[in-house]
Amino acid sequence: MKIYISSDMEGSTGVVSAAQTDRAKPQYAFGRAMQASDLRAAVKGAFEAGADSVVVNDSHSSMTNIDIAQLDGDVRLISGTPKLLGMVEGAGECDAAIFLGYHAMAGTEKAVLDHSFDSRTIYGLTVNGQKMGEAGINALLCGALGVPVIMACGDEALCYEAASLLGDRLVVCSVKEGLGRSAALCLPPDKSSALISASVKEAVARLKRGEFAPFAPEGPYTLEATLMNTLQTDAASLVPGASRVAARTLRFETQEALELRRLLYSVIECASAVGEDY
């Protein structure tokens with residue numbers, strides 16, 4: 001049994017500030033350490049539950065945050081960017097996926113560091129009319145590969161979001177309660193590590209009992225991306241297939257779920273190219 005872990009940073013234990021997730025800031029060392037601590041706990045839980053191997057995908061920012069020297073046993077690390085499937089690169093060869101250190105979608109109240117893929121450009125996303133953030137879209141990509149998501153870990157807002165979309169069989173693990181975008185009531189690392197390991201073991205046990213199915217709503221798929229300003233929307237409207245349905249909103253139609261990743265990141269790259277000027 002091979003377990004996949006997509007490891008982000010904003011939802012990690014104790015992380016509450018954007019500076020703690022930015023490698024250019026001195027506080028980044030703390031965020032990186034907390035991401036690693038949560039990851040070691042998840043890997044430990046997976047092996048204790050009977051996993052034969054674990055694939056970890058570094059899924060934060062430059063995707064070069066995880067020190068492979070801190071990983072033991074039959075673990076493989078996917079590091080670096082760009083990657084075709086980004087935060088879920090390599091998931092297709094695994095039996096189940098875990099979303100670790102994830103955060104709620106942009107615009108979520110009392111959610112730590114809420115955003116949807118790129119906080120500079122993306123105001124909101126929907127797929128077939130359903131609001132989605134990183135957890136939802138990455139679960140959809142995993143589903144297209146036939147891989148179920150069995151656990152999500154982050155703050156309480158993320159846990160609620162993921163369970164609302166993926167169902168109550170999903171194991172959720174909250175390591176902090178958001179009090180605002182940059183404030184939270186946090187568990188200490190020893191408590192959160194124990195909770196993460198136990199949650200992973202529960203999720204793998206449910207997987208063995210056949211309780212999970214891939215999140216795979218039928219196509220075709222309509223992606224709507226609302227951007228931060230009209231200049232960014234002007235630039236992103238150059239992406240092939242874009243239909244401008246509002247001043248800051250672009251719509252795309254596709255038959256293939258995996259194509260959503262290409263479309264979304266094409267939008268982000270074009271929008272990013274013009275900066276944030278209004």
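Mentor: Let's start with Pro220, which sits in the loop between α4 (189-208) and β10 (221-227). Those labels are DSSP runs counted from the N terminus (helices: H or I, at least four residues; strands: E, at least two). Before we go on, this is a predicted model, so to speak of local features we need pLDDT of at least 70, and side-chain atom pairs count only at pLDDT 80 or more, while totals for chains, interfaces and linings use all residues. Residues are numbered from 1 along each chain as its sequence is written, and side-chain values use heavy atoms, with hydrogens and water left out.

Back to Pro220: the peptide bond that joins it to Gly219 is cis, with omega of about 5°. There is another cis bond to look at, between Thr81 and Pro82, where omega is also about 5°. Pro82 belongs to the loop between β3 (75-78) and β4. What's the background here? Most peptide bonds are trans, and most residues other than glycine have a negative phi.

You'll find Leu113 in the loop between β4 and β5. Leu113 counts as buried, because its relative accessibility is 3% (buried is under 20% relative accessible area, exposed over 50%, partly exposed in between, with a 1.4 Å probe and protein chains only). Asn128 also has a positive phi without being a glycine, near 50°. It is found in the loop between β5 and β6 (130-131), and with a relative accessible area of 40%, Asn128 is partly exposed.

Searching the whole structure turns up two aromatic pairs (Phe, Tyr or six-membered Trp rings with centres within 6.5 Å; stacked under 30 degrees between planes, edge-to-face over 60, the rest tilted). One of them, Phe99 with Tyr102, is stacked, at 4.6 Å from centre to centre and 5° between the planes. Both of these residues, Phe99 and Tyr102, are buried. The other pair is Phe117 with Tyr265, which is edge-to-face: the centres are 5.8 Å apart and the planes make an angle of 80°. Phe117 lies in the loop between β4 (96-102) and β5, and Tyr265 lies in helix α6, so this pair ties together parts that are 148 residues apart in sequence. Phe117 is buried at 14% relative accessible area, whereas Tyr265 is partly exposed at 22%.

Tyr265 has another neighbour to point out: Arg261 lies over the face of its ring, 3.7 Å from the ring centre (the charge, NZ of Lys or CZ of Arg, must be within 6 Å of the centre and within 35 degrees of the ring normal). Arg248 is placed over a ring face too, that of Tyr123, at 4.9 Å from the ring centre.

A pocket here is an open set of points on a 1 Å grid over the protein atoms alone, where a 1.4 Å probe fits, with protein on both sides within 12 Å along at least five of seven lines; lining residues have an atom within 4 Å of a point.

And the second largest pocket? Its volume is about 300 Å³, and 15 residues line it, with Met105, Ala106, Gly107, Thr108 and Lys131 nearest its centre. β5 (122-127) and α3 (156-166) each supply at least two residues of this lining, and β5 gives the most, four residues.

Finally, a word on the cysteines: the count of disulfides comes to zero (one needs two cysteine sulfur atoms within 2.5 Å). For Cys142, the closest cysteine sulfur belongs to Cys94, and at 9.1 Å it is too far for a bond. Cys142 is buried, at 0% relative accessibility. For Cys159, the closest cysteine sulfur is that of Cys153, 6.5 Å away and also too far for a bond. Cys159 counts as buried too, at 6% relative accessibility.

Key: Grid points are joined across faces, edges and corners, and a volume is the space filled by probe spheres set on the points.
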